[in-house]
Amino acid sequence: MSTPYPFTALVGQTDLRLALLLNAVSPAVGGVLVRGEKGTAKSTAVRALSALLPQVDVVPGCRFSCAPGAPDPACPDGPHEPGPGQGRPARMVELPVGASEDRLVGALDIERALAEGVKAFEPGLLADAHRGILYVDEVNLLHDHLIDLLLDAAAMGASYVEREGVSVRHAARFLLVGTMNPEEGELRPQLLDRFGLTVEVAASREPAQRVEVVRRRLAYEDDPAGFASRWAGDEHEVRARVVAARSLLPKVVLGDTSLLQIAATCAGFEVDGMRADIVMARTATALAAWAGRTAVRKEDVRQAALLALPHRRRRNPFDAPGLDEDKLDEILDRFPDEEPDHEPDPEPEGPDDGGGPDGGGEPPQGEGPDGGPGAPESDAPDGPAEAPAEEPPRAPVEEPAPARAEAPDPADPRGRSGAEAPTQAAVAAAEPFRTKMLSVPGLGEGAAGRRSRARTAHGRTTGAVRPRGHLTKLHLAATIQAAAPHQKARGRTGRGLVVRGDDLRQATREGREGNLVLFAVDASGSMAARQRMSAVKGAVLSLLLDAYQRRDKVGLVTFRGAGAELALPPTSSVDTAAARLERLPTGGRTPLAAGLLKAHEVLRIERLRDPSRRPLLVVVTDGRATSAGALGGDPRALAGRSARLLASEGVASVVVDCEAGPVRLGLAGVLAADLGGPAVSLDGLRADSLAGLVKNVRTSVASHAPHSSNRRAA
C-alpha cells in the first residue's frame with residue numbers, strides 16, 4: 001500500500017482543509033463539494049484526510065462495520081452477539097464515475113431469493129464507506145439517479161435495496177466528499193443544495209507558494225515514507241485535535257443570538273428552503289468545537305455562511321456562485337454577540353495558525369525552504385497550473401445600444417466599397433425564455449437524460465429479454481412464465497418454484513436520454529443588426545438553458561467571413577458555452593456551407609468518441625449563403641449539398657429561422673428541407689408562443705365538448 005501524502009503538508013487551500021476538518025469533527029454537517037480547476041490538490045486533500053480520522057471499532061466479521069457497543073439491529077449479517085470489537089482505520093472509499101447502481105447500493109441474488117427464499121445480499125460501496133469517507137471524484141459527471149441514491153443515503157444514514165419485493169436495509173453513515181471541475185458541467189441546484197458545504201479552489205498566483213508546492217511534491221515522490229515521517233508529529237496533533245473537538249461538540253451551546261444571525265443571513269440572501277439554516281447551525285457549532293469553545297460566536301456564524309451559502313444562491317446555471325461579504329457583515333452587525341463569559345478561552349491553535357493542518361507556519365525541524373515537505377497544489381506534477389476557470393456569466397439582459405458606426409447593407413455584406421465588412425462588437429443577449437421541446441426522433445440507447453426517447457435503466461417497463469451479463473432489473477412475470485413449463489421435469493414437489501439461470505428475464509425500460517446538441521450559429525453581416533443578433537443570442541441562450549435542464553452535451557460552431565470555426569468543443573458545461581456566445585462578434589459574408597461542413601466534422605468525431613449519444617443539430621441562420629470560402633463554386637448550391645450530406649447520415653436537425661422584416665425570402669425553410677428537419681421562427685421557438693396557446697385552447701375545448709352538448713340537449 002502506497003504512503004499517502006500528509007494532510008498537514010498541504011500548501012494553501014485554507015478553506016478546503018477547514019471544510020474537510022469540520023466534517024471530520026461533525027459528519028452531520030453534510031459533506032463537502034470541492035469545485036475548482038484541474039491540478040489544485042482536490043483529490044490529494046481528500047485522500048490525506050482519512051489518515052486523520054480516529055480508528056473505528058467494528059464487530060469481527062461484519063461486512064457492514066457495525067459498532068460492537070451499538071450494532072445495527074437491521075444489519076443483514078446480524079444479529080450480533082455482545083463481545084469485544086476489532087479496531088481498524090477509517091476507510092476512504094472511492095466511487096468511480098462509471099459505477100452501476102448495484103455497485104453503489106449492493107446487489108441481491110434474485111435467483112436464490114426466488115428458489116430458496118434466501119436474502120443473499122452482496123454489499124456495495126455504501127456499506128464499505130459506513131463510518132468512514134465516501135469520495136466521489138468528478139461528481140458532476142455521475143448519473144443523476146446515482147447521485148440521488150447517494151445523497152438520500154447520506155441524509156438518512158441508511159441504504160435501502162428493493163428488488164421485486166425483496167428488501168434489504170443497512171446503516172450507511174459516512175463523510176461525503178465530492179470534487180468537480182465546473183468546466184465539465186454543473187450539478188443541478190437541487191443536488192448542490194444536498195451538499196452541506198462547498199469550497200472553491202484555485203491554484204495560487206504567488207510564485208513563492210508555487211515554488212514550495214513543487215519542492216514538497218518532489219521531496220514526497222523521492223521518498224514517500226521519509227517525507228511522511230517528517231510530518232508525523234503534525235499529523236498526530238491534528239488527529240488528537242479532531243478527537244478532542246468531537247468530544248466537545250455535544251457541549252457547545254448555540255444561543256438565541258446566533259440562531260437569529262443564522263436565520264437573518266439566510267433570509268437576507270434569499271436562500272430557498274430551510275436546509276441552509278440547519279447546515280449553518282451545525283457548521284457554526286463544529287467551528288466552535290474546533291476552536292475549543294463551548295459557545296458559538298459571530299465569527300463562527302460568518303465562516304459558516306461563507307462555506308454553506310454560496311452554492312445555494314444560484315438561480316440558474318449561468319449564475320456564478322458567491323456571497324457578498326459586505327452584505328453578510330451588515331446583516332450580522334444587526335445582532336451583536338452577547339457579552340462573553342469571564343472564563344478565559346482556551347485559545348487553541350486555529351486552522352490558519354502555523355504548524356496546524358493549514359501549513360501556514362514553519363515546516364518541521366530539519367525541513368527548510370529548499371526541500372521542506374508540503375502538499376501539492378495538484379494531484380500529480382503535471383506541469384504548471386493552468387489559468388483559473390472563467391467565471392460563468394449571469395443570465396445577461398439586453399443593454400442599451402451604443403452609438404453605431406455606419407453599418408453595411410445586410411443584403412450586401414461587402415458594403416458599398418466591395419471590401420469585406422468589418423467585424424462588429426459583440427452585443428448582449430436578450431432575456432432567455434422557456435423553449436419548446438426539441439427532440440431526436442426514434443428510440444436511442446444513450447446516457448440517461450430528459451430529451452429524447454431511449455432504452456434506459458430507469459423508466460416504464462416495456463418488455464423482457466434474456467439478460468446479457470449480470471441481471472440488474474428482473475421482470476418477475478416473464479421469469480415465472482419462462483420457468484413454469486419446466487416444473488414437472490425439474491422434480492418440483494413443494495410450494496417453491498424451481499428456477500434456473502436461463503429462466504431469468506431482464507426488464508426492458510423506456511425513458512429519456514441526453515443528446516449532443518450542436519449549435520451552428522450564423523454570425524455574418526446579414527445577422528449583424530443589433531436587435532436581431534441580441535434576439536438570436538437570447539434564443540440560443542434559452543436553448544442552452546433547456547439543454548442544461550435535459551442533461552445534454554452542447555457544442556458551438558460559428559461561421560462568418562471566409563469560414564467556420566469550432567468555438568466550443570462538445571462539453572457538459574453550458575455556462576462555458578454561454579460565455580463563448582456572449583463574446584461572439586458579427587460581421588462579414590455568410591459561408592453557410594462551411595458552417596454545415598464544420599458541424600459534420602464535429603459530429604463525425606463525436607460519433608467515434610461516444611457512439612450511443614445521438615446528435616441534434618440546431619442551425620441558427622436566416623438561410624442566406626453569400627460566400628463559398630475556400631471551397632469555391634456557387635454558395636447556395638454548396639450549402640444545399642452540405643445539408644443533404646448531413647441528412648443522408650441521419651443527423652436530426654432543426655433550423656431556427658432568424659429572418660425578419662416584412663419581405664422574407666424563405667431561405668431558412670429551403671435549408672430545413674435539405675436537412676430533412678423542421679424550421680422554426682424565433683417567436684415560434686417560445687413554449688408560450690401563439691401556436692402553443694392555440695394548441696392548448698383546442699385541447700381545452702375538446703375536453704369540454706361533451707359537457708356542452710349535454711347542456712344543449714337539456
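Leu556 has a bridge partner in strand 17, and that partner is Leu568. The pairing behind this is between strand 16 and strand 17, residues 563–571, which run antiparallel over six bridges. Two strands are said to pair if DSSP finds at least two bridges between them. Helices (H or I, at least four residues) and strands (E, at least two) are DSSP runs, numbered from the N terminus.

Before I go on, this is a predicted model, in which local features need pLDDT of at least 70 and side-chain atom pairs count only at pLDDT 80 or more, while totals for chains, interfaces and linings use all residues. Residues are numbered from 1 along each chain as its sequence is written, and side-chain values use heavy atoms, with hydrogens and water left out.

Back to the hairpin. Two residues lie between strand 16 and strand 17, and Gly561 there takes a positive phi near 65°. What does strand 15 do with strand 16? Strand 15, residues 516–522, runs parallel to strand 16 and is joined to it by seven bridges. Val521 stands opposite Thr558 of strand 16. As for burial, seven of the eight residues of strand 16, residues 553–560, are buried; buried means under 20% relative accessible area, exposed over 50%, partly exposed in between, with a 1.4 Å probe and protein chains only.

Five strands form it with parallel pairing, in the order 4-7-10-1-11. Strand 4 (92–94) and strand 11 (197–201) are the edge strands, each pairing on one side only. From one strand to the next, the twist averages 20°. Inside this sheet, strand 1 (residues 32–36) and strand 10 (residues 175–180) run parallel and are joined by four bridges. Leu33 has Gly178 of strand 10 as its bridge partner.

Helix 1, residues 14–25, lies across strand 1, strand 10 and strand 11, and runs at about 155° to strand 11. Axes here are lines fitted to C-alpha atoms, for helices over the stretch in contact, and angles run from 0 to 180 degrees between N-to-C directions.

Last, a helix pair. Helix 19 (residues 635–648) and helix 20 (residues 667–675) pack at about 40°, with axes 7 Å apart. That angle makes helix 19 oblique to helix 20, oblique being whatever is left after under 35 degrees (roughly parallel), over 145 (roughly antiparallel) and 65 to 115 (roughly perpendicular). On the helix 19 side, the contact (heavy atoms within 4.5 Å) includes Arg636, Gly640 and Ala643. Helix 20 contributes Leu667, Leu671, Asp674 and Leu675.
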